Amino acid sequence: MGSLVKDLRVLQRGFRWGRRPLAPRNVALPDLAPRDFPTAWARTPAARAARAAIQSGVMKPLIGSQTRPSVYGAHLLKTLTPPVIFYANHSSHLDAPTLLLSLPPWWRERTAVGAAADYFFDVWWRAAATALVINAFPVERAGSRRSTRAAKQMIEGGWNVLVFPEGTRSKDGWLGEFRMGAARLCIENRVPAVPIALRGTYQSMPRGRGWPAPGRKPVRVRFGEPVSPAEGELAPDFATRMRGALELLLEEDRTTWYEAMKRDARGERASAGGPQAARWRRIWEAGEPVADPLARRAWPR
Amino acid sequence: MSRPGFVLEVDERTPPILFHHGESFRLERLPHGSRVIYAPDPLPGIADVDAAIEDALANPMGMEPLPALLKPGMRLTIAFDDISLPLPQMRTPDIRGRVIEHVLRHAARAGVDDVRLYVANSLHRRMTGAEIKRAVGERVFRSFWPDALRNHDAEDRDNLAHLGKTEHGEDVEINKHAAESDLIVYVNINLVSMDGGHKSVAVGLGSYRSVRPHHNVETMMQSTSYMDPRHSALHHSCERMGRIVEKAVKVFHIETTLNNRAFGGSSEFLQKREWEWSLKDQAAFFAAKRANDRAPVKTRRAMFHKIAAPYSVTGIAAGDVDQVHAATLERVHRQQLVEVDGQADVLIAGLPYIGPYNVNSIMNPILAVCEGLGYFFNMYRGKPLVRQGGAMIMFHPVRNEFHSLHHPSYIDFFEQVLSVTTDPETIQAKFEQQFAEDEWYRHLYRTSYAYHGVHPFYMWYWASHAMSHLGDVIYVGGDRSTVARLGFRSASTLADALDMASETTGRSPRITAMRTPPLWLADVR
């Protein structure tokens with residue numbers, strides 16, 4: 001019996017049962033291109049009702065039991081008209097559900113999430129679950145023409161779209177470089193981009209963890225003011241502006257709104273990309289507990 | 001077009017790699033950065049094999065067409081490769097039988113009455129009637145067995161002819177009936193680049209006297225490797241002998257090549273690259289491994305030896321030995337060559353259940369040495385796959401188990417010789433003659449189904465180049481005391497073996513793994 005289990009485990013681990021089969025890196029395998037996975041069904045009235053029930057009945061209590069989320073700046077959404085593109089820094093699998101649950105219900109019901117096609121849409125069961133629970137649609141990370149096609153269709157259909165312009169979860173907790181897809185999407189569809197700063201999800205569930213760390217770590221979500229592409233603005237320029245807006249928002253969350261603005265005006269804004277230091281130091285620093293700068297201490301220092 | 005062979009670099013995405021482990025398999029995770037060598041995909045076979053055979057016989061290379069060589073009243077000898085080829089045995093009809101049928105059709109048309117067929121088994125065991133029937137086909141077997149279709153007897157003094165000596169003083173002695181024929185037609189299967197050419201007649205129909213000059217430690221040490229005939233003292237010797245044979249008798253040489261589709265049907269997963277395994281392949285692996293692990297060794301062995309390969313014939317050439325063999329080698333290389341950059345510190349190989357000398361038999365410890373340090377180690381051209389002083393790690397159970405019918409002298413070699421020394425040169429000097437001339441072994445070779453008394457010595461010599469080249473040899477899963485008798489070390493797991501090998505190769509060695517089947521030949525740059 002023991003050897004049977006051992007043999008099965010070798011196969012299960014070695015051949016990635018239940019996950020997308022991957023080829024070694026020095027093997028070219030054109031036939032393993034991402035498959036198209038239909039997600040239109042996830043936006044039917046029945047699926048929307050099921051999603052609302054899952055999100056409020058399961059997801060919210062679950063995330064609330066594992067983290068301590070707090071949301072700031074949601075009032076800014078009142079000035080917006082959908083569709084918009086929400087974008088945020090990305091360092092954890094907690095990011096998308098936390099962000100969705102931070103949105104007011106009216107916005108949440110009308111928001112779809114761009115998820116990596118090669119990760120979330122590799123096998124049917126994960127694709128179906130992701131599409132149903134967070135209203136995800138596949139985004140190809142390879143940067144091909146197909147990569148933003150689905151997102152474009154969503155915006156044309158009146159849906160707000162949540163994307164992570166870094167394209168992948170940060171390896172060290174700091175903000176990475178932006179890819180052009182989100183900026184191009186805004187320019188082509190003439191929609192504003194709303195930055196959302198997320199802090200604490202890296203501390204709670206960084207890459208490599210399958211479940212949030214114990215102790216209900218604080219998670220902070222802060223909405224910022226939208227940025228819109230100027231007439232004739234090119235995607236690289238707009239992507240830089242988008243990243244700048246998010247950097248400022250992260251700084252605002254670390255300090256205060258006014259402090260962040262003053263530092264920005266002085267050109268002293270701390271880089272959200274983290275310190276230029278050895279990898280371990282970057283990870284070390286990013287892992288510092290998230291604290292509310294205005295929180296009162298029972299025993300002041 | 002078939003995909004060429006290639007060298008994989010193991011990363012975190014690489015699934016475990018399949019290795020043979022005697023009559024079983026294992027999936028092993030290799031350290032990241034290890035290299036794994038994969039054979040080219042099977043080449044497409046010839047669509048009309050019969051037409052290709054006819055074409056080769058009618059348009060031979062450097063010789064007259066076969067029909068022109070066949071005359072009434074002549075003496076014709078047809079010799080063919082024995083059971084050591086191909087591995088595994090091919091699905092019937094065997095290509096040897098198909099070629100022989102075509103040759104015999106021409107002989108019958110020409111009115112040749114004196115036809116004799118010989119299994120060119122040299123000092124190997126005699127083939128049984130059933131085995132011969134499988135190789136030559138029912139029609140040929142029924143027409144000639146047992147009088148005119150026989151095993152060659154290298155100890156039949158009355159039927160051996162000494163044809164002279166080469167310029168290096170090598171005795172050339174072959175089957176007398178063949179030597180006195182008007183024409184020898186030799187039919188081979190060229191599975192690897194070591195096979196064929198002048199080796200076919202000179203060795204296949206030779207005697208101990210004519211095999212001894214090149215089956216020795218000195219020749220093996222100068223054959224780097226014997227899979228590369230240009231740099232093989234063994235082949236140079238055979239070529240010199242072949243010239244003497246050709247002076248005495250006309251040889252019409254027919255060589256055939258097969259693609260490398262060694263496994264099909266439910267065992268096709270053995271052929272496939274692991275990341276291309278479907279769920280069906282994984283299930284087939286799982287079922288085969290489970291069934292294997294539970295079955296008694298004898299049942300397991302019987303199941304494995306029943307496997308017949310769905311090879312396709314990739315080419316047939318006939319005529320002058322040298323010209324034919326050059327064309328054959330070119331086809332073998334097209335199927336098997338893989339370019340490999342640089343040598344490794346550690347070479348890993350899984351030894352299969354079968355080798356040339358244990359078809360329908362047991363791979364005993366001495367054959368396991370020959371298989372690993374002889375054949376697998378020598379699957380290179382240019383430089384060995386592993387550096388001088390490196391380590392070779394092999395997967396094999398190395399049981400202290402012998403086939404008493406097929407390998408009687410092996411048992412005594414293991415008990416009497418290896419208990420004294422494992423040094424090939426000492427063994428050759430002190431013990432070879434005694435075993436080679438032992439009357440009991442001679443009797444068993446001639447009348448039973450035993451390999452010649454000297455055969456285990458050759459297996460040991462076959463490994464001598466590897467033994468002197470390597471700093472460490474480790475059998476993973478090998479029986480401890482048996483492996484110790486062979487002069488090597490055994491380990492329980494690959495991780496242990498790598499740890500043990502680090503004594504000679506350092507803590508971060510370059511590792512190359514040989515992924516077989518199918519077979520390949522490394523062109524090491």
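User: Among contacts in chain A between residues at least 6 apart in sequence, what share joins residues at least 24 apart?

Analyst: Two residues are in contact if their C-beta atoms, placed from the backbone, lie within 7 Å. In chain A, 75% of the contacts between residues at least 6 apart in sequence join residues at least 24 apart. In chain B the corresponding share is 80%. Please note that this is a predicted model, in which local features need pLDDT of at least 70, side-chain atom pairs count only at pLDDT 80 or more, and totals for chains, interfaces and linings use all residues. Residues are numbered from 1 along each chain as its sequence is written, while chains are lettered from A and ligands numbered from 1 in the order in which they are written.

User: How many helices and strands make up the secondary structure of chain B?

Analyst: Chain B comes to 21 helices and 20 strands. With a radius of gyration of 22 Å, close to the 24 Å that the globule rule gives for 525 residues, chain B is as compact as a globular protein of that length. Its C-alpha trace spans about 70 × 55 × 45 Å along the principal axes.

User: Which helices show burial along their length?

Analyst: In helix H3 (residues 95–102) of chain A, 7 of the 8 residues are buried, so H3(A) is largely enclosed by the rest of the structure. Its buried residues include Asp95(A), Leu99(A) and Ser102(A). In chain B, H18(B) is mostly covered, with 8 of its 8 residues buried; among them are His455(B), Trp460(B) and Trp462(B). The elements covering the buried residues of H18(B) include helix H9 (217–221) and helix H15 (408–417) of chain B.

User: How is chain B divided into domains?

Analyst: Domain bounds come from an automatic or database domain assignment. Chain B consists of domain 1 (6–41 + 338–524) and domain 2 (49–258). Their centres, taken over C-alpha atoms, are 28 Å apart. In their contact, 30 residues of domain 1 of chain B meet 27 residues of domain 2 of chain B. Elements giving two or more residues to the domain 1 side include strand S15 (380–382), helix H16 (424–436) and helix H18 (455–462) of chain B.

User: Which residues have the most contacts inside the largest nonpolar core?

Analyst: A nonpolar core is a set of buried Ala, Val, Leu, Ile, Met, Phe, Trp, Tyr and Cys residues joined through C-beta atoms within 7 Å. The largest has 172 residues, and those with the most contacts inside it include Ile78(B), Val185(B) and Ile474(B). Helix H14 (residues 365–376) of chain B gives the largest share of this core, 8 residues. Each of domain 1 and domain 2 of chain B supplies at least three residues to this core. Apart from this core lies another, of 58 residues, including Ile85(A) and Leu100(A).

User: Where in chain A is confidence lowest, and where is it highest?

Analyst: pLDDT is the predictor's confidence in each residue, from 0 to 100. Where pLDDT is low, the predicted coordinates should not be read in detail. Chain A has a mean pLDDT of 88, and 91% of its residues reach 70 or more. Confidence in chain A is lowest in helix H5 (residues 117–120), at a mean of 83, and highest in strand S2 (residues 85–88), at 97.

Note on methods: Helices (H or I, at least four residues) and strands (E, at least two) are DSSP runs, numbered from the N terminus. A residue is buried if 20 or more other C-beta atoms lie within 10 Å of its own, exposed if 12 or fewer, and partly exposed in between; C-beta atoms are placed from the backbone. The radius of gyration is taken over C-alpha atoms; the globule rule is 2.2 Å times the number of residues to the power 0.38.
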